[in-house]
Amino acid sequence: MSNTVSPKGVDEWLSFLADKPLPVRASTLTRLKKALHSPSSTLVTLPPIISHDPVLCFHLCCEAQRLLASRHAKVTSLSHAVQALGFDRIEQLVASLTILKLNPNSTPQKMYFRAIADSHHAATQVADWLHLRNASYREEAKMASLFYGFIHWLMWLYAPFHKEAYQEKVYKHNQDVVLAEHDVFGCTLQELGQKLGALLHVPELTLEALNHDSSPTSSLLGLLHLKAMGDARLEIKDLREVNHLIQQPFFPVKLSNWLSLTTTRGWDSDKAKRIFEIITDYLQLRGYEAQARLHAQCAESARQYHLPGVLSPATELLWISSTPYIPGLFSITEKAQTESLYPPFTIPVSTPIPPTSEVDTTQERPTPEFADSELYKHIATQFHSADSGYSRPAQVLKDLLKGLKLGLGLERVLLLSVDIPNNRIQTSYQVGFGKDHEVAAFEMAYDIPSLLKRLCEKPANHVCQKSNRQQTHQALPHDFLRHISPSDFIVMSIFCNKTPIGIVYADRIPNSLELEDFYCERFRYLCSSATLAMKYMKQD
């Protein structure tokens, strides 16, 4: 794929990254070549040299996994990989690798090595945890944790403008990391890493940890936090579910990378503190003991993997809590010099908003009123009737949209269908946007943390107004935001049998950018009545 085209989505990124090499440190490769040609070297003496460069470890372990796959075996440690390959295969692999000498003036290279340092930090932490717990799979988990973030290495080296945009969304605008990834890359980096890792023969435990299916749900994460705090409200079945998660080999791999990818943005954030609580419970230590151990291992990682000019994860421990700096941002000069080397990050153009009619501010605003009050009241009454005759949710939703558009008089109404089993939220019906409006093709994954997902946790509504517009926009995926009103709007979820089946959106464009309380209150009332009609339909 050309560097003039910006990839979007898993398939395009896989195509773009498939042939991109991961370069190793020149100093480590030189030492390894010298050892390979030394008559006193054995396979036992090679791992200590190789372990100085996580990328070199990655190449050897992937090559060993490729070799062992035909025997239905798996790589469990670096030493195992070296033994499986032998001198000849290692020499062949080393000859094919590219090297990289750090240019201290290159932002992509510095952030590439910083991302590797974060992965080394995660691996150092998990090795210590599992040593404390006397786990038999310590070396395998250490290796898996080291490779978990390899997709971040690649992205900083080959798509740094996208990573820069991601940094700004997370640091400057406090956007959720998963939502920011979805906006910038069109997918999560965890999903992309899992699929690319399968193509590269990344060891099995790493792929299991990267698999979204192994990630705890938001409800399970909530139970995990309750257990960490020793909450007595946890029921036996909930405790059993949490303990089952904790006992999985992939759990400490995930947890160590949650820690490293969060603390690289600072150790004092609320998210970091919640992770500390889970780790404290996992290690069965007192809070101050666990935190001291985490700090010590972070410092140890910095000593083991150090590059001049690259800030280590331990550096974040030294900063005084303040407005965080944003690592990974290009200077104007560097961006101009390198823009032809990397794919550009392009923001999709927002759908043009029809011009609103000019309002004479010297005159009193017209009093909001129904388009057809009788129709609105008729539909509301029908929703409240136990013998309304509804037999399918689609019938209720059809009347709801009719009541909002023709009864209440809202100019644009949009229905998003929610399909949790298939992990989709997508446009089901729209009126007022225009026949060929792009919003008709909108769809996104349900599990992307956004305002739309939060509305599906329980029947709820949200009004976007001047006072909360910035926060609302940051909580919505850009692919949705670019199709809707840049000003006031309202959204509300619709439930059937305690399950979300739809989200209704409405605004007053092109007649007005504002949405008066008159419309918001009656919008909420009719949507709540529709959920009530679903209950009556179930009883019938």
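This is a predicted model: local features need pLDDT of at least 70, side-chain atom pairs count only at pLDDT 80 or more; totals for chains, interfaces and linings use all residues.

The protein chain contains 24 helices and eight strands. Its C-alpha atoms fill a box of roughly 95 × 60 × 50 Å, taken along the principal axes. Of the 540 residues in the chain, 51% are buried. If we take the contacts between residues at least 6 apart in sequence, 68% of them join residues at least 24 apart.

Turning to the annotated region, an unreviewed UniProt entry carries the annotation "domain: HDOD" for residues 22-216. Over residues 22-216, the chain is 70% helix and 2% strand. The end C-alpha atoms of this stretch are 30 Å apart.

Let us now consider helix α11, residues 189-200.

Which residues of α11 are buried? They are Leu189, Gln190, Leu192, Gly193, Leu196 and Gly197. These residues cover an arc of only 155° around the axis and therefore lie on the same side of α11. The partners of the buried residues of α11 include α1 (10-17), α8 (150-158) and α9 (160-172). They also pack against α10 (177-185), α12 (204-210) and α15 (250-263). After α11 comes His201, which has a positive phi, near 65°.

My next example is a pair of helices. Helix α16, residues 270-283, packs against helix α17, residues 287-304, at an angle of about 105°, and their axes are 9 Å apart. Because of that angle, α16 counts as roughly perpendicular to α17. On the α16 side, the contact is made by Phe276, Ile279 and Thr280. On the α17 side, Gly287, Ala290, Gln291 and Leu294 take part.

Is Arg114 buried or exposed? Its relative accessibility is 6%, and the cut-off for buried is under 20%, so Arg114 counts as buried. Leaving aside residues up to four places away in sequence, Arg114 touches Thr264, Val310, Leu311, Glu316, Tyr325 and Pro327.

Thank you for your attention.

Note on methods:
Residues are numbered from 1 along each chain as its sequence is written. Side-chain values use heavy atoms; hydrogens and water are left out. Buried means under 20% relative accessible area, exposed over 50%, partly exposed in between (1.4 Å probe, protein chains only). Helices (H or I, at least four residues) and strands (E, at least two) are DSSP runs, numbered from the N terminus. The arc is that of the directions from the helix axis to the C-beta atoms. Contact means heavy atoms within 4.5 Å. UniProt positions are given in the numbering used here, feature names are shortened, and annotations may be inferred rather than shown by experiment. Axes are lines fitted to C-alpha atoms, for helices over the stretch in contact, and angles run from 0 to 180 degrees between N-to-C directions. Angles under 35 degrees count as roughly parallel, over 145 as roughly antiparallel, 65 to 115 as roughly perpendicular and the rest as oblique.
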